[in-house]
Each structure stands twice: as structure tokens, then as C-alpha cells.
Amino acid sequence: MEPRKIQPSLLQSFVPIIFLIACLSLNVIFFGDDTLAGSNQIILLLAASIAGVIAIKNGSKWEEVRKSIVKSIGTAMPAIIILLLIGSIAGTWLLSGVVPTLIYYGLKVIHPKIFLFTAVVVSGMVSLVTGSSWSTIATIGVALLGIGKAMGINEAMVAGAIISGAYFGDKMSPLSDTTNLAPAMSGTDLFTHIRYMLITTVPAMIIALILFLIIGFTYDFSAVNTNIDSVFNAINTEFNISVWLFLVPVILVVIIIKKMPPLPSLLIGTLLGGIFAIIFQPEIIYLIGGGEDQAFWKASYIAVMKSMYGEIHIPSSNVIVNELFSTGGMAGMLNTIWLIMSAMIFGGVMEAAGLLVRISNAIISLAKSTGSLIASTIATSIFFNITASDQYISIVVPGRMYADTYRTRKLKPEVLSRTLEDGGTVTSVLIPWNTGGATQAKVLGVPTHLYLPFCFFNILSPIVSIIIAYSGYKIRYYTSEEVAKRKFKEKDRKDY
């Protein structure tokens with residue numbers, strides 16, 4: 001006889017999570033900014049092992065656990081491929097001078113005191129138009145980070161501003177995958193969902209912008225002019241700066257607006273960077289491609305390939321610029337991919353063991369009022385961002401779990417869809433081992449725990465949502481007539 005499956009206890013369900021959080025905290029203390037090099041990955045795998053032991057003890061078969069792991073990793077594969085292409089686009093955009101050109105002209109037109117405010121607005125506009133926070137951060141975000149560094153602004157603050165703007169635009173864009181996923185899971189239409197999100201999203205963004213303005217006007221910029229002059233000189237010395245290089249990001253934005261999927265869009269952006277490098281930066285092509293004794297076509301091939309797959313560095317006497325003129329290509333993303341895969345293994349084992357559902361059901365049972373139901377939904381989405389390590393799962397699973405409860409309490413589907421975005425989409429980037437947090441930390445070169453306190457929009461979104469829920473402001477309920485009509489339609493479908 002096959003062993004009967006036993007439902008895990010609440011204590012059992014929390015054991016792997018407590019172990020994970022405790023050991024990850026130790027990693028931050030002992031390894032500092034170097035936790036991505038392997039220590040976090042090992043802890044995630046050890047936590048997955050603990051969850052696996054609990055699963056087997058409670059009657060699960062190893063084959064079920066393994067299938068769940070494979071399925072979990074499979075959900076992260078699009079993010080992993082995008083991450084590789086982000087590494088390659090960073091390389092060719094440096095080689096071509098696109099990023100240095102964006103930094104050069106950005107320093108000319110943006111005043112330091114309003115830079116953080118501007119970074120939020122620019123990132124938000126680009127992300128709103130493209131529908132992708134990841135593409136925005138990997139392109140415009142990298143340039144904005146360089147501008148902020150040149151101005152002497154703390155890079156964690158700059159990263160927080162970029163992420164706040166990018167995730168605002170992603171959340172509100174009709175082109176965004178998560179903005180389409182949330183209403184699909186709850187049963188409402190896209191534009192009803194977007195309009196309803198304005199109630200919580202706009203206040204959170206206004207507060208974030210005010211906070212960034214306050215920081216900007218109170219920040220010490222005493223050394224900014226010296227920094228900027230030295231950066232101008234270094235960029236002019238190493239690169240041929242041209243307004244024609246703006247064509248590369250403009251073309252990329254246009255093809256994304258035309259609804260080309262992220263993978264081919266990023267590949268086109270990478271190839272454009274390589275072509276423009278050959279046209280505009282022949283000296284750098286020779287530098288990276290093996291010297292002037294090489295034929296130009298051979299040096300071009302070597303330099304472009306190196307920028308796409310590996311580490312390149314364009315030396316400069318300026319310390320600030322020296323950091324900006326280095327990229328790791330696809331190879332530089334491998335530690336992040338290792339982290340994501342380890343996190344998905346942990347999430348897969350937790351799901352197979354039934355530990356995630358056990359904790360989620362306990363949270364649902366505590367939700368008595370509408371305010372507590374919405375707060376519970378947000379807590380569940382954040383919980384899945386922590387444990388399942390993927391923002392899509394943090395929308396899909398709670399969406400399925402809470403749909404019947406929202407209907408039973410006569411809440412319209414846009415209430416659920418908005419709550420899923422407030423809790424799931426924007427908080428994924430705050431978790432170091434989540435696909436969102438791991439990716440943005442690597443792309444911007446700023447550890448998650450450092451930029452997290454400055455992601456004001458991402459932190460405020462769930463808080464504002466909960467406050468509005470408890471206040472009862474514009475919470476949409478079905479009327480008695482709508483409830484009767486809905487029941488009639490459901491009965492009609494069953495009869496059919």
C-alpha cells in the first residue's frame with residue numbers, strides 16, 4: 001500500500017522559511033555585498049532540502065517533488081533568457097558608446113538637485129511606453145545610474161529612484177505582462193483594472209516623488225562640479241560622442257511599443273549596439289579586438305563577440321568612469337541565474353510539500369473584514385515573492401486562491417486584480433533571491449538590501465493599498481441586482 005499523504009502542520013511549513021531567512025541574514029552580515037557569489041544559493045538549496053525531508057516524511061514521493069522542481073525552474077526560463085540578453089546588450093551599448101553618450105548629455109541637461117526626481121519620471125515614462133521595467137532598467141536605468149554616480153549621489157538612492165519609476169510604469173502600462181495577467185486571473189478587463197489601480201498607485205507615486213525631491217534639495221553637492229568636469233573629460237577622451245548614437249535606444253523603444261516580444265527586442269538592441277560600435281568607435285574596437293595589427297573586420301568581430309558574452313573594460317584614469325566602463329556580458333549574469341535557479345528549486349519543493357498552501361490557508365482564515373481580506377491578499381502575494389521567488393507566481397497563485405472568497409463577499413474582480421498588483425508586481429524587486437530582485441541588483445550593480453530602503457514607490461504601494469482598503473474608500477461591491485444577474489448566468493451555463 002502507498003503511504004497516505006499527511007497535511008503538513010503550520011509549524012512544519014514555517015521551518016524551511018525560518019531557516020532561510022535566518023541564514024540569509026547571516027550571509028549579509030558575514031559576506032556583505034558578495035552574497036550573490038554563492039552563499040545565498042547554498043542556503044536556498046539547504047532550505048529546499050529541509051522542505052524535501054518534510055515532504056517525504058508526510059508521504060510525498062520523490063518523483064512528485066522532482067517534477068515540481070522542474071516545473072518551477074521552467075517558469076523562470078523566460079526570465080533567465082532575458083537576463084542573458086540584458087548582459088549582452090549592456091556590453092554592446094558600452095562598446096558602441098551609447099551608454100557613455102546618454103551619461104554625457106544627461107549630465108549637461110539635468111540639474112543635480114532634481115536628478116532623483118527626474119530619474120523616477122524618465123524611468124516611469126519609458127516603462128509606461130514599453131511595458132517593461134526590466135528593459136527600462138537595463139538600458140535607460142544603467143545610463144541614469146552613471147549620471148547619478150558622476151554627480152556624487154549615493155548609488156543606492158539612484159537605484160531606488162530608477163526602480164520606483166520603472167515599476168510604476170510597468171504596473172500602469174497596458175503593454176505590461178503583469179498588468180494583463182492580474183485582470184485575467186481575477187476576471188475583469190484590462191482598462192477597468194488600470195483605471196482602478198490609479199486610486200492606490202497615484203498616491204504612492206506622489207509621496208515617492210516628494211521624498212526624492214526632499215532628498216535632492218537637502219543633499220550635499222559641494223563636489224559635483226569637479227566630478228562632472230572630470231567625467232566629461234574622460235568620456236570625450238575614450239569615446240566618439242555623437243547624437244546619432246541616440247538612434248539605438250530610440251529604435252529599441254519603438255520596436256517594443258510596436259509590441260515586439262522582449263527577447264527579439266533585446267537581441268535587436270544588442271546587434272544594433274554592435275553595428276554602431278563598428279561605425280563610431282574604431283579605436284575601442286581595436287583596443288578590445290586585439291590591437292591595430294589586426295585587420296579591422298577581424299578586430300570588429302572579436303570585440304563585438306567579447307562584449308556580448310564576456311567581460312570588457314575600457315580603462316580610464318577617472319575612478320568614477322572606470323567603474324562605468326566595465327561590463328560582464330552574458331557570463332556576468334551566471335551567478336544571478338544560479339541564484340534564480342536555486343530559488344526556484346526552493347519554491348518547487350515548498351509547493352510539492354504543500355507548505356505554501358498550508359501557510360496561505362492560515363492567512364485566509366484570519367481575514368474577516370474587507371480590509372483584512374485585502375491585507376491578507378497582499379501578504380500572501382509578498383509571501384509567494386519570498387518563497388516561490390517569481391512575481392508571476394505571486395499573482396497567479398493568490399489570484400486563484402482568493403477568487404472565490406472575493407466573489408462570496410460580493411467584491412468586484414477589479415478589487416482583487418488591483419490588490420494582486422499592489423502586493424505582487426511591485427514587491428518582487430525587493431526580495432534579493434526573487435527573479436526581480438536578483439536581476440535588478442546585478443544589472444545596476446547595487447545589492448538589493450542597499451537599494452531597498454530607497455524604493456519608495458515599491459514599499460508604499462502595498463501600504464497605501466491596505467490603508468485605502470481599511471478606510472473603505474471606493475471599494476467596489478456588486479449590487480443585489482448584479483449578484484442576481486451573475487447567479488442567473490452561472491445557472492444558465494450549468495444548464496447548458
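The paragraphs below go through selected helices, salt bridges, loop residues and a surface patch of a predicted model.

Residues are numbered from 1 along each chain as its sequence is written. Because the model is predicted, local features need pLDDT of at least 70 and side-chain atom pairs count only at pLDDT 80 or more, while totals for chains, interfaces and linings use all residues; side-chain values use heavy atoms, with hydrogens and water left out.

Helix 5 covers residues 115-130 and contains Ser-127 (helices are DSSP runs of H or I of at least four residues, numbered from the N terminus). The relative accessibility of Ser-127 is 0%, so Ser-127 counts as buried (buried means under 20% relative accessible area, exposed over 50%, and partly exposed in between, with a 1.4 Å probe and protein chains only). Apart from neighbours within four places in sequence, Ser-127 is in contact with Ser-132, Ser-133, Thr-136, Gly-165, Ala-166, Gly-169, Asp-170 and Ser-173 (contact means heavy atoms within 4.5 Å).

In helix 11 (residues 247-257), the buried residues are Val-248, Pro-249, Leu-252, Ile-255 and Ile-256. Viewed down the axis of helix 11, these residues fall within an arc of 130 degrees, so they line one face of the helix (the arc is that of the directions from the helix axis to the C-beta atoms). They pack against helix 3 (62-95), helix 4 (98-109), helix 5, helix 6 (133-150) and helix 12 (262-280). After helix 11 comes Lys-259, with a positive phi near 70 degrees.

Helix 12 holds Phe-280. Phe-280 has a relative accessibility of 18% and therefore counts as buried. Not counting residues up to four places away in sequence, Phe-280 touches Asn-240, Ser-242, Trp-244 and Leu-245. Between Phe-280 and Ser-123 there are 157 residues of separation in sequence and 27 Å in space, C-alpha to C-alpha.

Helix 23 (residues 456-471) has 16 residues, and the distance from its first C-alpha to its last is 22 Å, close to the 22 Å expected at 1.5 Å a residue (the expected span is 1.5 Å times one less than the number of residues). Its buried residues are Phe-456, Phe-457, Asn-458, Leu-460, Ser-461, Pro-462, Val-464, Ser-465, Ile-468 and Ala-469. The packing partners of these buried residues are helix 7 (155-172), helix 9, helix 18 (370-387) and helix 20 (413-425). Just after helix 23, Gly-472 takes a positive phi of about 80 degrees.

Most residues other than glycine have a negative phi. Lys-474, in the loop between helix 23 and helix 24, has a positive phi of about 55 degrees although it is not a glycine. Lys-410 is another non-glycine residue with a positive phi, of about 65 degrees, and is found in the loop between helix 19 and helix 20. At 41% relative accessibility, Lys-410 counts as partly exposed.

What of the charged pairs? Side chains of opposite charge can pair when their charged atoms come close. The structure holds 4 salt bridges (a salt bridge is a side-chain nitrogen of Lys or Arg within 4 Å of a carboxyl oxygen of Asp or Glu). One of them joins the side chains of Glu-155 and Lys-149, at 3.3 Å, N to O. Glu-155 is partly exposed at 27% relative accessible area, whereas Lys-149 is buried at 17%.

Another salt bridge links Asp-404 with Arg-407, the closest N and O atoms being 2.2 Å apart. Both residues lie in helix 19 (residues 391-408), 3 residues apart, or about one turn of the helix. Asp-404 is partly exposed with a relative accessible area of 49%, and Arg-407 is partly exposed with 35%.

The side chains of Glu-414 and Arg-476 also meet in a salt bridge, at 3.1 Å, N to O. Glu-414 lies in helix 20 and Arg-476 in the loop between helix 23 and helix 24 (480-495), so the pair ties together parts that are 62 residues apart in sequence. Glu-414 is buried, with a relative accessible area of 6%, while Arg-476 is partly exposed, with 33%.

Leu-198, Val-202, Ile-206, Ile-207, Ile-210, Leu-211 and Ile-214 form a nonpolar patch with about 550 Å² of accessible area together. Patches are made of residues with over 30% relative accessible area and no salt bridge, with like charges joined within 9 Å and nonpolar side chains (Val, Leu, Ile, Met, Phe, Trp, Tyr) within 5 Å. Accessible areas come from the Shrake-Rupley method with a 1.4 Å probe, and for residues only the protein chains shown count as cover. Leu-211 is found in helix 9 (residues 190-218), and at 31% relative accessibility Leu-211 counts as partly exposed.

Technical notes: Helices (H or I, at least four residues) and strands (E, at least two) are DSSP runs, numbered from the N terminus.
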